[in-house]
Amino acid sequence: MAWSPPATFSLFLLLLGQPPPSRPQSLGTTKLRLVGPESKPEEGRLEVLHQGQWGTVCDDSFALQEATVACRQLGFEAALTWAHSAKYGQGEGPIWLDNVRCVGTESSLDQCGSNGWGVSDCSHSEDVGVICHPRRHRGYLSETVSNALGPQGRRLEEVRLKPILASAKQHSPVTEGAVEVKYEGHWRQVCDQGWTMNNSRVVCGMLGFPSEVPVDSHYYRKVWDLKMRDPKSRLKSLTNKNSFWIHQVTCLGTEPHMANCQVQVAPVRGKLQPACPGGMHAVVSCVAGPRFRPPKTKPQRKGSRAEELRVRLRSGAQVGEGRVEVLVNRQWGTVCDHRWNLISASVVCRQLGFGSAREALFGARLGQGLGPIHLSEVRCRGYERTLSDCPALEGSQNGCQHENDAAVRCNVPNMGFQNQVRLAGGRIPEEGLLEVQVEVNGVPRWGSVCSENWGLTEAMVACRQLGLGFAIHAHKETWYWSGMPRAQEVVMSGVRCSGTELALQQCQRHGPVHCSHGGGRFLAGVSCMDSAPDLVMNAQLVQETAYLEDRPLSQLYCAHEENCLSKSADHMDWPYGYRRLLRFSTQIYNLGRTDFRPKTGRESWVWHQCHRHYHSIEVFTHYDLLTLNGSKVAEGHKASFCLEDTNCPTGLQRRYACANFGEQGVTVGCWDTYRHDIDCQWVDITDVGPGNYIFQVIVNPHYEVAESDFSNNMIQCRCKYDGHRVWLHNCHTGNSYPANAELSLEQEQRLRNNLI
């Protein structure tokens with residue numbers, strides 16, 4: 001079912017503006033929340049933030065239209081009802097609003113009338129509550145650190161560590177040093193008086209580190225005292241100025257940002273009292289996650305690695321972001337966004353070896369997942385080691401759909417890799433000739449990359465390193481882009497990446513540079529994009545539609561011409577005889593965030609006379625029959641495809657069709673279906689004997705078109721063939737189970753076969 005935004009959603013974006021002068025009692029820029037004992041996120045006592053203090057709303061004159069406005073402002077689609085007489089408990093503090101009067105079309109409460117701030121004849125026994133529709137509207141996309149901060153928080157912009165020891169200065173990333181805070185555009189140091197490990201935990205989380213360790217405070221004190229006694233040091237004169245210091249910070253340790261802590265910039269008496277009398281700067285030591293440690297670091301304990309593997313991120317454009325998926329009962333599934341927030345998201349980030357979360361995303365913002373929705377209403381307190389330690393409901397208990405899949409963006413350490421790559425000559429900032437910085441004889445030098453072996457996997461790493469998302473093209477000829485004058489020399493060749501690297505400098509490459517093309521027009525380039533398609537097959541449909549057909553050779557001339565039959569067909573006495581075909585249907589969904597389009601334009605498409613249409617991709621899907629140990633015994637030669645929107649959900653228009661030389665592709669949310677009864681939709685098993693096999697289908701096998709997640713491009717089924725009939729069962733997406741679960745499933749199947 002397609003979603004259409006409410007008519008008032010565009011007005012929601014105006015909340016940061018001033019209220020209309022015709023409403024003198026308008027509330028201005030307000031924040032709302034729902035609270036109450038054991039309340040669900042969509043229901044509770046309605047509270048309003050005014051002058052830094054939360055207060056309640058009286059139920060006088062309050063009705064469905066007021067509840068609707070409040071629910072929309074809170075990010076829900078609509079209100080179901082409201083509750084009077086403090087159903088969700090009596091609040092504390094002021095009763096800020098009374099006789100709120102809305103038409104029902106307003107996008108926020110600041111557009112409704114009322115008695116004015118604090119003008120009320122009510123008691124807390126009349127506190128109003130609201131019950132919203134649990135579905136979030138798609139304009140409510142995420143909870144970010146910035147919108148979680150108050151006025152002071154927005155002045156606390158950044159945090160960094162200033163390394164003091166020589167060993168710390170050489171370390172990348174910097175994990176130990178004095179804490180510096182950027183406050184109103186100027187860097188200040190933090191006084192160590194009252195500094196705790198909870199404070200260190202928040203700082204490390206902001207810098208992309210999952211944990212912290214104590215520092216040798218006695219040693220750092222000696223270093224500080226030496227500098228203070230040094231007549232050439234400016235430190236003594238600087239420390240006498242209160243503008244050099246942040247006076248005191250007090251954190252619980254669960255905050256995603258220091259600005260959420262209690263921060264006292266200056267002493268209570270202001271300039272009359274020193275900001276850090278007798279103290280020194282606070283020093284923090286953080287522990288980097290496994291991906292950001294030097295290669296010589298001791299390996300992680302197997303137990304902690306196993307815990308990390310119970311949660312993963314998918315479809316993110318950058319390192320440390322993606323849709324959250326958890327492993328339950330040996331199957332991967334998603335997390336519902338009901339009650340999803342920065343604290344729970346931070347537990348996921350730290351579990352994966354990143355820092356705290358900088359954004360908790362709702363509404364399948366980073367694409368929809370597949371399979372079960374394992375968790376909903378996750379309620380972490382912030383100190384949990386893993387997401388499984390947090391209280392939560394089963395995802396099926398409150399009607400969650402995959403359009404509610406939760407995602408995160410984590411803080412990651414600054415490795416400096418983004419400063420070692422750049423693009424030149426492109427028409428837009430997201431494309432161009434690739435230039436990298438490497439050390440040549442110990443001296444950093446900029447140069448170009450040889451395009452031999454350059455492919456989409458390498459381009460993906462380059463775009464990620466550039467901070468530009470996904471690669472949509474890996475260019476091997478870049479003569480039309482001019483590079484920087486001092487970067488003409490080829491400094492990197494033979495680049496081969498696995499796809500998980502943080503930078504091209506981490507990929508395998510030639511020792512001495514060897515580029516047989518000699519550079520020139522054959523240099524590597526990329527085109528990047530912040531979103532990508534994501535193709536996923538319907539495994540259940542393959543399982544339900546599989547059958548055998550003995551097809552006469554007289555009906556297979558077209559298929560033979562397109563190499564859709566096994567090699568033994570070449571030696572048959574045409575048109576006499578037949579081929580045994582394992583036929584099935586496939587349905588390929590685009591669950592990504594952009595349309596899936598062919599790599600080449602229309603001018604490069606190939607006309608196939610037999611099938612009377614243009615084929616836009618030469619190798620789009622592989623069909624294989626494997627033995628249980630992985631050896632291939634038969635394959636489908638589906639050489640080329642015509643991409644189109646076979647079906648779209650209600651409300652989505654079909655955009656692509658093969659007929660009449662039409663545009664080809666698969667629209668986001670639509671699917672392309674290949675029925676079992678069309679040519680080449682089979683595996684030729686004429687030469688295969690009876691037995692137990694693995695049936696495998698891989699879409700986009702050569703990575704010709706970029707996707708946000710290649711790990712879900714394969715389905716596998718168990719296949720039993722007795723020489724006359726075939727059974728497919730246990731069909732699943734390739735990444736639905738972990739590797740060890742795949743092994744156990746295979747062993748179980750062998751046991752069953754022995755019993756049979």
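What follows is a conversation about how some features of this predicted model get their labels.

Colleague: What makes Glu359 and Arg365 a salt bridge?

Modeller: Their closest N and O atoms are 3.7 Å apart. The cut-off is 4 Å between a side-chain nitrogen of Lys or Arg and a carboxyl oxygen of Asp or Glu, so the pair qualifies.

Colleague: Is Glu359 called buried or exposed, and why?

Modeller: Buried means under 20% relative accessible area. Glu359 has 11% relative accessibility, so Glu359 counts as buried.

Colleague: What does the salt bridge of Arg583 and Glu549 tie together?

Modeller: The N to O distance in this salt bridge is 2.6 Å. Arg583 lies in strand β31 and Glu549 in strand β30, so the pair ties together parts that are 34 residues apart in sequence. Arg583 has 2% relative accessibility and, because buried means under 20%, Arg583 counts as buried.

Colleague: Why is helix α8 called mostly covered?

Modeller: α8 spans residues 342-351, and nine of its ten residues are buried. Among them are Leu342, Val347 and Arg350.

Colleague: What makes Asn341 a cap for α8?

Modeller: A side-chain oxygen of Asn341 lies 3.2 Å from the backbone nitrogen of Ile343, at the N-terminal end of the helix. The limit for a polar contact is 3.5 Å, so that distance falls within it. Just after α8, Gly353 takes a positive phi of about 90°.

Colleague: How do you know that β18 pairs with β17 and with β20?

Modeller: Two strands pair if there are at least two bridges between them. Four bridges join β17 to β18, which run antiparallel, and Val326 has Gly333 in β18 as its bridge partner. Between β18 and β20 there are two bridges, in the parallel sense, so that pair meets the limit of at least two. Here Val335 stands opposite Leu375 in β20.

How values were computed: Residues are numbered from 1 along each chain as its sequence is written. This is a predicted model: local features need pLDDT of at least 70, side-chain atom pairs count only at pLDDT 80 or more; totals for chains, interfaces and linings use all residues. Side-chain values use heavy atoms; hydrogens and water are left out. Buried means under 20% relative accessible area, exposed over 50%, partly exposed in between (1.4 Å probe, protein chains only). A polar contact is a pair of N or O atoms within 3.5 Å; within protein, one must be able to donate a hydrogen and the other to accept it, and residues adjacent in sequence count only if both atoms are side-chain atoms.
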